[in-house]
Amino acid sequence: MAELTATRAAALDAHAVELRRIERSLHDGTQNRLVAVNVLLGAARRAVRRNPDRADEILGQAQDAAEQALGELRTVVRGILPPVLDDRGLAGALTGLASSCAVPCRLEVDVAVRCAASVEATAYFVVAEALTNVVRHSGASQVDVAVRRERGRLLVSIEDDGHGGANETRGSGLTGIRRRVEAYDGRMTLTSPPGGPTRMDVELPCGS
Ligand SMILES: Nc1ncnc2c1ncn2[C@@H]1O[C@H](COP(=O)(O)OP(=O)(O)OP(=O)(O)O)[C@@H](O)[C@H]1O
Ligand SMILES: [Mg+2]
């Protein structure tokens with residue numbers, strides 16, 4: 001009961017954090033750019049009669065600002081649901097992550113039936129953050145990623161042969177993973193003794 005209450009609280013918390021992150025990116029990025037577009041369009045309208053050349057110049061700036069707003073918006077949207085999942089499915093998206101990983105990465109995916117989109121997105125973010133950590137912190141020469149679906153659950157593991165010492169309290173990436181996973185009633189375990197290896201196991205209900 002206590003665990004359920006704590007998990008619910010963590011889920012609401014993770015949800016709130018996620019909403020705040022999206023709100024901040026929309027506010028700081030897209031909204032600011034669109035304000036600039038609006039101001040520039042106003043200036044261009046005022047200039048159009050008495051100084052058409054100047055008006056044209058300002059319209060060019062407005063167009064640039066609109067393009068930047070679009071760019072920012074695409075980044076935010078990608079952060080909510082990576083389009084690569086839609087295009088290529090979970091296996092394809094993970095293949096992309098594995099092949100662009102600076103540490104050699106072996107990938108095994110055994111998922112016959114697709115999971116709910118939000119679950120696939122969570123699995124994708126888990127692997128993306130874990131591989132980034134391997135490259136940044138582990139000193140590993142090899143990393144193994146395995147994903148399989150078993151009895152309605154998606155099991156994800158990432159293991160590297162580096163020097164270990166992963167510590168959730170030292171950054172925001174691992175804590176973020178734990179919160180995301182627990183928000184979906186999943187589980188995350190991390191073992192990383194000094195000297196390695198480092199292994200992360202994530203279990204998510206498939207939701208479909
Ligand atoms: N695979 C790994 N091997 C060894 N150490 C690791 C590994 N993954 C993480 N760590 C250690 O654990 C710490 C916490 O990782 P975490 O991902 O939470 O933060 P971070 O990567 O430092 O920053 P960010 O918030 O950008 O993710 C890292 O700073 C690093 O010292
Ligand atoms: Mg990290």
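## Around the magnesium ion

At 21% relative accessibility, Glu129 counts as partly exposed; that label covers everything between buried (under 20% relative accessible area) and exposed (over 50%), using a 1.4 Å probe and protein chains only. This is a predicted model, in which local features need pLDDT of at least 70, side-chain atom pairs count only at pLDDT 80 or more, and totals for chains, interfaces and linings use all residues. Residues are numbered from 1 along each chain as its sequence is written, chains are lettered from A and ligands numbered from 1 in the order in which they are written, and side-chain values use heavy atoms, with hydrogens and water left out.

Glu129 (OE) and Asn133 (OD1) coordinate the magnesium ion (ligand 2), at 2.1 Å. Donors here are N, O and S atoms within 2.8 Å of the metal (3.2 Å for Na, K and Ca), and sites may look incomplete because water is not among the atoms. Both residues belong to helix α4 (residues 117-138), where they sit four residues apart, about one turn of the helix. Helices (H or I, at least four residues) and strands (E, at least two) are DSSP runs, numbered from the N terminus. Asn133 is buried, with a relative accessible area of 15%.

## An aromatic pair

Let's turn to the rings. The structure holds one aromatic pair. Its partners are Tyr124 and Phe125, arranged edge-to-face, with 5.9 Å centre to centre and 70 degrees between the planes. To pair, rings of Phe, Tyr and Trp (its six-membered ring) need centres within 6.5 Å; planes under 30 degrees apart count as stacked, over 60 as edge-to-face and the rest as tilted. Tyr124 and Phe125 are both buried.

## Cysteines without disulfides

There are zero disulfides in the structure, a disulfide being a pair of cysteine sulfur atoms within 2.5 Å. For Cys105, which is in no disulfide, the nearest cysteine sulfur is that of Cys101, 5.3 Å away.

Cys115 itself is buried, with a relative accessible area of 8%.

## Backbone points to check by eye

Most residues other than glycine have a negative phi, and most peptide bonds are trans. Arg151 is not a glycine, yet has a positive phi of about 45 degrees. Arg151 is found in the loop between β2 (143-150) and β3 (153-160), and its 78% relative accessibility makes it exposed. Asp185, also not a glycine, has a positive phi of about 60 degrees. Asp185 is placed in the loop between α5 (173-183) and β4 and is exposed, at 53% relative accessible area.

Gly196 and Pro197 are joined by a cis peptide bond, with omega about -5 degrees. Pro197 lies in the loop between β4 (187-191) and β5 (198-205).

Glu3 has its place in helix α1 (residues 2-47) and is exposed, with a relative accessible area of 52%. How far apart in space are Glu3 and Gly79? The two are 29 Å apart, C-alpha to C-alpha, and 76 residues apart in sequence.
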